[in-house]
Amino acid sequence: MASQIYETIPAENVTDDILIKATQLFNENYGTWGEFSSNPGKPVKLNVRRLREQYLPTSSDESVVDRHHRGKGFATSLLRILRTDHDTIYGVMSSHPAACLAAVKAFDRTIEKVDLDFIAKNANETMSTSPVPYIRDAERCGIIFDGKDTTGIVSGVNTKFFVDHEEPLKALAVVEKKWDWPLGKLPEGYEYLLILPASAS
């Protein structure tokens, strides 16, 4: 039986060599820019300086999964490792349904039982206190935040991050055949917002 070994490294101990490997993993697996971006069809790239300054503040944790190993439970395992006894709320911002599914599984739930009222109640405080500017500054949107919202998204953020949605939408079509997807449609430039309590009620 194969075993998996995970190692966590505090942000202050992450070396440039580690970040070089992390950015390579990100750049090879994240995806491409969409048609509404300034670089349609080109890979989404992240450099070491931006990764350290914007996405790896001292109080945050980051993980990436190689696209060839998706669907094997690695993302769920990584999220479970990040759980601590003193945290009460966890969240995910992503355009990919697989990330949302991994999050709910990591916290012992199913996507169909996501509490939208909990997201609406806790989104503002959770995001405004994030150490990551990209999350902290994201514009919340969706029907749970604005009853007049016409984008089709139920819980999301308008990040104006125009990554190509071809793969996420294919994944969403598969997900919707199995489950009642609660987060709505995925407009261009938007990401889903999922916020969960640390312990199942």
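Modeller: Take N158, which sits in strand β3. Keep in mind that this is a predicted model. N158 has a relative accessible area of 15%. Buried means under 20%, so N158 counts as buried. What does N158 touch, beyond residues up to four places away in sequence? The list is E139, C141, G189 and Y190.

Now look at the strand itself. β3 covers residues 156-158. Its pairing with β2 is antiparallel and runs over 3 bridges. In that pairing, G156 of β3 stands opposite C141. C141 is buried too, because its relative accessibility is 7%. The structure holds 0 disulfides.

Step back to the sheet. Strands of a sheet pair through backbone hydrogen bonds, either parallel or antiparallel. Here the sheet is open, with 4 strands in the order β1-β4-β3-β2 and antiparallel pairing. Which strands stand at the edges? They are β1 and β2, the latter spanning 139-141. Each has a single partner strand, so one side of each is left without a neighbour in the sheet. On average, neighbouring strands are turned by 35° against each other, direction ignored.

A helix crosses this sheet. Helix α5, residues 116-128, lies across β1, β2, β3 and β4. Against β4 (190-197), α5 runs at about 100°.

Next comes the packing. The largest nonpolar core has 30 residues. Those with the most contacts inside it are C100, W181, Y192, L193 and L194. Elements giving two or more residues to this core are β1, α4, α5, α7 (166-178) and β4. The largest share, 6 residues, comes from β4. Follow W181 for detail. Leaving aside neighbours within four places in sequence, W181 is in contact with P97, C100, L101, I111, L172, V175, E176 and Y192. There is also a second, separate core of 12 residues, which includes A11, V44, F161 and V163.

C100 counts as buried because its relative accessibility is 0%. Just after α4, D108 takes a positive phi of about 60°.

Finish at the other end of α4. The loop between β1 (89-94) and α4 holds H96. Is H96 buried or exposed? It counts as buried, because its relative accessibility is 18%. A polar atom of the H96 side chain lies 3.1 Å from the backbone nitrogen of A98. Setting aside neighbours within four places in sequence, H96 is in contact with E167, P168 and A171. H96 and K170 are 74 residues apart in sequence, yet their C-alpha atoms are 9.8 Å apart in space.

How values were computed. Residues numbered from 1 in each chain as written. Predicted model: local features only at pLDDT ≥ 70, side-chain atom pairs only at ≥ 80, totals over all residues. Heavy atoms only, no water. Disulfide = S-S within 2.5 Å. Buried < 20%, exposed > 50% of the residue type's maximum accessible area, 1.4 Å probe, protein only. Contact = heavy atoms within 4.5 Å. Polar contact = N/O pair within 3.5 Å; in protein donor to acceptor, adjacent residues only side chain to side chain. Pairing = 2+ DSSP bridges. Axes fitted to C-alpha atoms, helices over the stretch in contact; angles between N-to-C directions. Core = buried A, V, L, I, M, F, W, Y, C linked by side-chain atoms within 4.5 Å.
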